[in-house]
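Here is a briefing on one protein chain.

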Amino acid sequence: MKKIFNLFLALPLLFAASCSDDNDIPQVSINLETSGYWKVDNDSRLYLVEGETLYVDGLYVKSLEGKEALISQATYYLNGFGYADPLLAPYKIKIPSEVLREGNNILMAAMTLAVVDYPVSVAEARWDIVLVSSEEELPQGAVYVPASNIPDDDEGEAPENRGDDNGTDAQSETGVE
């Protein structure tokens, strides 16, 4: 009986030794490179017109502390449902407008990160996609970012721009938790 009592006394010490430090959270920037969508200055949302396809050309991570970082696994979710599990970096996918609902949609990426001097971490990032039924419904100043990842079987002309082009990347900066 005394051995069991001593075991219970030692149990809190085991739990205290296994607690992790909150400073073990790497600070990173997650970058989703995309093409085949419409963008608007000062608006982080990606706009898509029915019948078009959004291309995710890559998912990348950069340490904000200058350390080496990489994504070892990524899963995409569309409106809360599992959408794609690309096996290899840079984790490319394509999202045809037919799988989106008109209006606001959410693309999330859940990934496993490895950053030098930190334990392996899990991160999530999200991007908003707005599906409109026609180009007339796009906000004023919308610019088309041509698809850079069109496979040979996907032909068609890029829509005309509705303004000036000022970049093509959607980005999220986060402290991983």
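The side chains of Ser134 and Glu136 are joined by a polar contact of 3.1 Å. The model is predicted. Ser134 sits in the loop between strand E9 (121–132) and strand E10 (143–145). Glu50 is 84 residues from Ser134 in sequence, yet their C-alpha atoms are 6.6 Å apart in space.

**Overall layout**

- The chain has one helix and eleven strands.
- Along the sequence, the pattern reads α-β-β-β-β-β-β-β-β-β-β-β.
- The chain has 177 residues, and 38% of them are buried.
- Among contacts with a separation of 6 or more, 68% involve residues 24 or more positions apart.
- The accessible surface is about 10,800 Å². Carbon and sulfur atoms account for 51% of that surface.

**Nonpolar cores**

- The largest nonpolar core holds 31 residues. Ile30, Leu59, Tyr76, Ile95, Leu107 and Met111 touch the most other members.
- At least two residues of this core come from each of strand E1 (27–35), strand E3 (43–49), E4, E5, strand E7 (93–96), strand E8 (103–115) and E9.
- Leaving aside neighbours within four places in sequence, Leu107 contacts Leu32, Val56, Tyr76, Tyr77, Leu78, Ile95, Ala125, Arg126, Trp127 and Ile129.
- A second core is separate and has nine residues. Its members include Trp38, Val40, Val130 and Val132.

**Salt bridges**

- How many salt bridges does a search of the whole structure find? The search finds three.
- Asp43 pairs with Arg45 in a salt bridge, with the closest N and O atoms 3.0 Å apart. Asp43 is partly exposed at 21% relative accessibility. Arg45 is also partly exposed, with a relative accessible area of 31%.
- Asp128 pairs with Arg126 in a salt bridge, with the closest N and O atoms 2.6 Å apart. Asp128 is partly exposed at 25% relative accessible area. Arg126 is partly exposed at 45%.
- Lys67 and Asp117 form a salt bridge through their side chains, 2.9 Å from N to O. Lys67 is in the loop between E4 and E5, and Asp117 is in the loop between E8 and E9, so the pair ties together parts 50 residues apart in sequence.

**Around Lys67**

- The loop that holds Lys67 runs between strand E4 (53–63) and strand E5 (69–78).
- Is Asp117 buried or exposed? Asp117 counts as exposed, at 63% relative accessibility. Lys67 is partly exposed, with a relative accessible area of 27%.
- The side chains of Lys67 and Asp117 also make a polar contact of 2.9 Å.
- Beyond its neighbours within four places in sequence, Lys67 is in contact with Val115, Val116, Asp117 and Tyr118.
- Lys67 and Tyr118 are 51 residues apart in sequence, with their C-alpha atoms 9.8 Å apart.

**A buried charge without a salt bridge**

- Asp57 is found in strand E4. Asp57 is buried yet has no salt bridge.
- Asp57 does have a polar partner: its side chain makes a 3.0 Å polar contact with the side chain of Ser148.

**Backbone points to check**

- Most residues other than glycine have a negative phi, and most peptide bonds are trans.
- The bond between Ala89 and Pro90 is a cis peptide bond, with omega about 15°. Pro90 lies in the loop between strand E6 (81–84) and E7.
- Tyr91 is not a glycine, yet its phi is positive at about 65°. Tyr91 is in the loop between E6 and E7. Tyr91 is buried, with a relative accessible area of 4%.
- Asn79 also has a positive phi, near 55°, in a residue other than glycine. Asn79 is placed in the loop between E5 and E6.

Terms used
Residues numbered from 1 in each chain as written. Predicted model: local features only at pLDDT ≥ 70, side-chain atom pairs only at ≥ 80, totals over all residues. Heavy atoms only, no water. Helix = DSSP H or I, 4+ residues; strand = E, 2+ residues; numbered from the N terminus. Polar contact = N/O pair within 3.5 Å; in protein donor to acceptor, adjacent residues only side chain to side chain. Contact = heavy atoms within 4.5 Å. Core = buried A, V, L, I, M, F, W, Y, C linked by side-chain atoms within 4.5 Å. Buried < 20%, exposed > 50% of the residue type's maximum accessible area, 1.4 Å probe, protein only. Areas by Shrake-Rupley, 256 points an atom, 1.4 Å probe, with all protein chains shown as cover. Lys, Arg positive; Asp, Glu negative; His and termini not counted. Salt bridge = Lys/Arg side-chain N within 4 Å of Asp/Glu carboxyl O.
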